[in-house]
Protein chains: 2
Amino acid sequence: MLKLSTKGQYGVRAMFEISRGHPGRPVAIREIAERQDVSVAYLEQILNTLRKAGLISSVRGPGGGYLLSRQPEAISIGEILRSLDGPVALTACQDPLAGCVRADGCVTSLLWKALGEKIEGFLDRMTLRDLLAGSKFGGERAVGA
Amino acid sequence: MLKLSTKGQYGVRAMFEISRGHPGRPVAIREIAERQDVSVAYLEQILNTLRKAGLISSVRGPGGGYLLSRQPEAISIGEILRSLDGPVALTACQDPLAGCVRADGCVTSLLWKALGEKIEGFLDRMTLRDLLAGSKFGGERAVGA
DNA sequence: ATATACTTTACTAAATTTGTCAAGTATTTT
DNA sequence: AAAATACTTGACAAATTTAGTAAAGTATAT
Ligand code: FES
Ligand code: FES
């Protein structure tokens, strides 16, 4: 349960490739595709969305590619995922775009809300810089392996 | 993103109805269906799964219905959801039933693992007793509304 | 000019979700 | 025993979502 779409996953991995690319020089889509083993056509779709969301900018023509719009520490994983897959919406009732009729008497309402906020909080605190550093995972508790 | 299936949601709400039913007396499936506004046929499927998972037991015949197998504080939301929708598996690589080929060099591996553990932790700490009490949500932080 | 490389839209096959339906089994009440 | 209640089981299908592919177009550097 609670699967993350491949689009979101690929998006994060693509952003990682862009952020570790040589600073100032754009990273070509083909390079990202090869390094992360994703088709160029699918990446086009994904990167286009991320560009419209303002997370990256693009340079056309030979030698072109993609660049981060901000520093790695200023781009959170949450922002990337939200751009591609919309906000965390565990249930239709929690979806900011939908909403619920009888949100009052509903016991589970607060439960899903609390979990949703926990997830968003985690994803928003985690940035590309953390991915580059390759640690800091686990939060309060230490991770076993 | 990160939607919870209706099956899981209905399952939790059904379990809530059973736990707040008069102690010792089984709750009929029709009563659950009416109170939670879910079709009887769909609930049959869901409750059957939960029964096979050992979370509830059933009584047949007139006056029959469903009973909790344990005390409300001993049944976690996580257990209910896992019974119906399988374990939290944000990515195919994190799925205990699947597994990944190149889990090593993968930067995002630890990220999804950490998030998955956070979610499971939350769901496993939360029990039917908490739903009955109607509070305790929010964890570290207080919830706004 | 030409090659490189991003841009945009359309479309579709596969998987998953969300149920419905029908027939059966067990138990209690009359 | 008969009837009514109520859980049990398995098959199946519509709707939705996901996960991509394909193709034609636009901009830029050499
Ligand atoms: S049914 Fe909408 S909040 Fe529970
Ligand atoms: S590709 Fe499997 S862990 Fe990242």
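**View 1. Polar contacts between chain A and chain B.** Here you can look for 8 residue pairs in polar contact between chain A and chain B, both residues at pLDDT 80 or more. A polar contact is a pair of N or O atoms within 3.5 Å; within protein, one must be able to donate a hydrogen and the other to accept it, and residues adjacent in sequence count only if both atoms are side-chain atoms. This is a predicted model, where local features need pLDDT of at least 70, side-chain atom pairs count only at pLDDT 80 or more, and totals for chains, interfaces and linings use all residues. Residues are numbered from 1 along each chain as its sequence is written, chains are lettered from A and ligands numbered from 1 in written order, and side-chain values use heavy atoms, leaving out hydrogens and water.

**View 2. How chain A meets chain B.** On each side, 44 residues are in contact (heavy atoms within 4.5 Å).

View 3. Of the 29 residues around DNA strand D, Ser39(A), Gln45(A), Ile29(B), Arg51(B) and Ser58(B) come nearest (a residue is near if one of its heavy atoms lies within 4 Å).

View 4. Gln45(A) puts a polar side-chain atom 2.8 Å from a base oxygen of DNA strand D.
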